[in-house]
Amino acid sequence: MSYTRTFSRKVSIYYSGSVSYPASKTGGTVPYSGTATETVDVEVHVKTDDFDASVANCNSSVNGLTASVGAMNAAQCLAIHNNAEKVSKTIINGFFHTARTDLSAQSAELVQTVTARLGLLREQSKQLHKKQEEMRENYARTSSRYNKTFNDLNDELATNIHRLDENVFKFVDTVAQQSSRMLHTDMVQNTITLSKESSTAQSALGVATIKQHALQAMQQAQDFLTSKARSEQTLRDTAIEGNGNDSYLVPVCCMETTDEHRQAQRKCVLPEMYDSMKQRVSDRMDASIFEQPSVPMTQEEKMQLQSYMQEEIANHLNGSDEHVSRVRELINKMFNDLALTL
């Protein structure tokens with residue numbers, strides 16, 4: 001749309017020159033100079049009706065072009081989508097057709113192979129059955145022949161044994177006749193009587209043996225009670241009765257360790273029955289304990305400590321697998337390194 005703008009500027013003009021005045025008493029020329037300033041106002045009227053009309057026409061043309069481009073883009077996208085669908089369907093159908101054809105060919109080939117092998121297996125099965133029947137007949141003929149041979153040998157061997165040991169067989173027959181005659185006579189009652197008397201004697205011997213064992217057990221019980229009484233008497237002789245204010249000595253192990261940051265950590269270890277006293281003992285633990293010089297262990301004390309250590313390792317690590325062996329070796333190495341400093 002048309003508009004009007006007003007601009008105001010100050011314009012400065014420098015001027016200079018000289019003025020001659022007529023001759024008089026002196027006469028001559030006088031120079032002059034200075035700056036003249038004037039404010040100039042300019043009003044500009046801009047007429048934009050034709051430009052606005054052309055812009056509106058261009059805007060309409062651009063909007064039409066934009067709509068055309070959008071429609072063309074949508075049509076192009078639709079065409080690309082449709083073409084992509086056709087191409088993908090063609091590729092998928094071609095792939096599955098090729099796979100189906102290949103699988104069908106492989107299936108037909110495998111069916112022919114299986115059919116041929118089944119026919120071969122049937123023929124081999126018939127041959128095996130035929131060989132089995134032949135082997136059964138041969139085995140029957142061979143076994144019957146060998147059975148006859150073995151039976152003949154057994155009969156001949158039995159005849160030879162009876163002929164060689166004829167006296168023994170006669171003695172056996174005689175003993176059988178005598179034993180049969182004895183079982184049917186009064187000698188059976190004598191045998192029963194002797195068996196009863198023998199069992200009575202055996203029972204008496206067994207009772208005597210039991211009594212002997214009981215006497216030995218009673219003697220052992222008496223020895224045990226005597227030993228127990230002596231032990232209790234020894235404890236009573238060595239014990240001291242307290243009055244309630246006695247002091248008791250408790251084994252305490254105080255240790256000081258240093259972590260990776262070189263910070264000392266102190267710990268107090270007591271037997272399990274004195275766990276309730278652990279905090280009080282730790283609170284009363286004097287730092288001077290750790291500052292006292294350590295007394296070297298004797299060889300006998302080292303041997304006792306090593307024996308106790310090996311016994312504890314055997315009680316708690318008695319397996320034979322790789323992990324237990326590695327833990328046992330590490331404990332022994334740490335103990336040996338510590339023993340060098342004691």
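Predicted model: local features only at pLDDT ≥ 70, side-chain atom pairs only at ≥ 80, totals over all residues.

Colleague: Which residue in β4 stands opposite C254?
Modeller: Strands β3 (residues 253-258) and β4 (residues 264-269) run antiparallel, joined by six bridges. Across from C254, the residue in β4 is C268.

Colleague: And which residue in the turn of that hairpin has a positive phi?
Modeller: β3 and β4 make a hairpin, with five residues between them. In that turn, a positive phi of about 60 degrees belongs to R262.

Colleague: In what order do the elements run from the N terminus on?
Modeller: Seven helices and four strands make up the set. Starting at the N terminus, they go β-β-α-α-α-β-β-α-α-α-α.

Colleague: Which element has the lowest mean pLDDT?
Modeller: pLDDT is the predictor's confidence in each residue, from 0 to 100. The protein averages 78, and 84% of the residues score at least 70. Helix α1 has the highest mean of the elements, at 86, while the lowest, 55, goes to helix α5 (residues 288-291).

Colleague: How many salt bridges does a search of the whole structure find?
Modeller: The criterion is a side-chain nitrogen of Lys or Arg within 4 Å of a carboxyl oxygen of Asp or Glu. R136 pairs with E133, their closest N and O atoms being 3.0 Å apart, and D152 meets K148 at 3.4 Å, N to O. R136 and E133 are three residues apart in helix α1 (residues 49-164), about one turn of the helix, while D152 and K148, also in α1, are four residues apart. The search of the whole structure gives a count of two.

Colleague: Is K148 buried or exposed?
Modeller: Buried means under 20% relative accessible area, exposed over 50%, and partly exposed in between (1.4 Å probe, protein chains only). K148 has 57%, so K148 counts as exposed.

Colleague: What is the area of the nonpolar surface patch?
Modeller: Patches take residues with over 30% relative accessible area and no salt bridge, joining like charges within 9 Å and nonpolar side chains (Val, Leu, Ile, Met, Phe, Trp, Tyr) within 5 Å. Areas come from the Shrake-Rupley method with a 1.4 Å probe, and for residues only the protein chains shown count as cover. F7, V11, I13, V40, V42 and V44 make the patch, which comes to about 450 Å². The elements giving two or more residues to that patch are β1 (3-21) and β2 (28-46), and the area asked for is about 450 Å².

Colleague: Why does I13 count as exposed?
Modeller: I13 lies in strand β1. I13 is exposed because its relative accessible area is 52%.

Colleague: Last one: leaving aside neighbours within four places in sequence, which residues is F169 in contact with?
Modeller: F169 sits in helix α2 (residues 166-183). Contact means heavy atoms within 4.5 Å. With those sequence neighbours left aside, F169 touches I161 and H162.

Technical notes. Residues numbered from 1 in each chain as written. Heavy atoms only, no water. Pairing = 2+ DSSP bridges.
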